[in-house]
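Me: Could you take a close look at the sheet for me, and at what packs against it? Here's the model.

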Amino acid sequence: MKPKVKQVVFEKSVFKPEDLPQPKLSEVAFLGRSNVGKSSLINAFLGQKKLARVSSTPGFTKAINFFRVDHRFWVVDLPGFGFAKVSPKVRAAWQKLIETYLSSPRRLKLLVLIFDIRREPDELDLLLLDYVKKIGRRFIVVLNKIDRAKKTARPNLKKKYLEKFGLKEEDVFLCSCKTKEGIAEVRQKIFEMLEE
C-alpha cells in the first residue's frame, strides 16, 4: 500500500456506543486533547483542506466521525478530551463513547495519540497512555505544533515525553500541520501499519 490517498468520503458520525458501525474495514483512529490540532493533522495526513472540521473552540468534535479512504480503510476522528468547556455529564458520555470504541473488537490497526509539544505531560495524559497500553492497542505518539517551539528546544521537549511515557524513539513523531514538517513520516508509519 503506497502512502497516497485518492478519495476520502465521510461515512458517519456516532454519538452513542450502540451506533458504532460494524468493523468492515481496517481503521486508524486519532485521539488528543481538545486543542492539539487533531483535525488539522487528519486533514494533513489525508491531503485534504477541510475534511475534518477545524475549530477555534476547544472540544468541537462531539462525536466519533468515520471517513472512508479509497474503500480501503476508515480514518476515525475521536472526540477531543481535557479542555472542552462542557458539563461533567457530557464529558462522561464522551469518555464512555471513546472507551467503548477503543475496547471493542474492531480492526483498529493504529491509534495516533496527539500532543502539543510545548505542553508538559500531566496526569490525564499519563492515564490515557496507561489505558491504551492496558487494552493492548498499537499506537504512536505525535508531538504536534513544533513550529511554535524553538528548534534547539525540540530534542529536550521530545525527551520529556519519551521519559514520562516510557516510550521508544521510533514510536514518537514530531510534526507541524502548519509547515507540513514531519507529516510525510507520520503518513508513512500509518500506511506501514495498515499493511501489517
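Reply: Strands here are DSSP runs of E with at least two residues, helices are runs of H or I with at least four, and both are numbered from the N terminus; two strands pair if DSSP finds at least two bridges between them. This is a predicted model, where local features need pLDDT of at least 70, side-chain atom pairs count only at pLDDT 80 or more, and totals for chains, interfaces and linings use all residues. Residues are numbered from 1 along each chain as its sequence is written, and side-chain values use heavy atoms, leaving out hydrogens and water.

Within that pair, I114 sits opposite V142 of β6. On one flank, helix α4 (residues 154-165) packs on the sheet and touches β5, β6 and β7, contact meaning heavy atoms within 4.5 Å. The direction of α4 makes about 155° with that of β7; axes are lines fitted to C-alpha atoms, for helices over the stretch in contact, and angles run from 0 to 180 degrees between N-to-C directions.

Zooming out, the sheet is open, with 7 strands in the order β1-β3-β4-β2-β5-β6-β7 and mixed pairing. Its edges are β1 (8-14) and β7 (172-174), each pairing on one side only. Ignoring direction, neighbouring strands are turned by 25° against each other on average.

Then there's helix α1 (residues 38-46), which lies across β1, β2 (26-32), β3 (64-69), β4 (73-77), β5 and β6, running at about 160° to β4.
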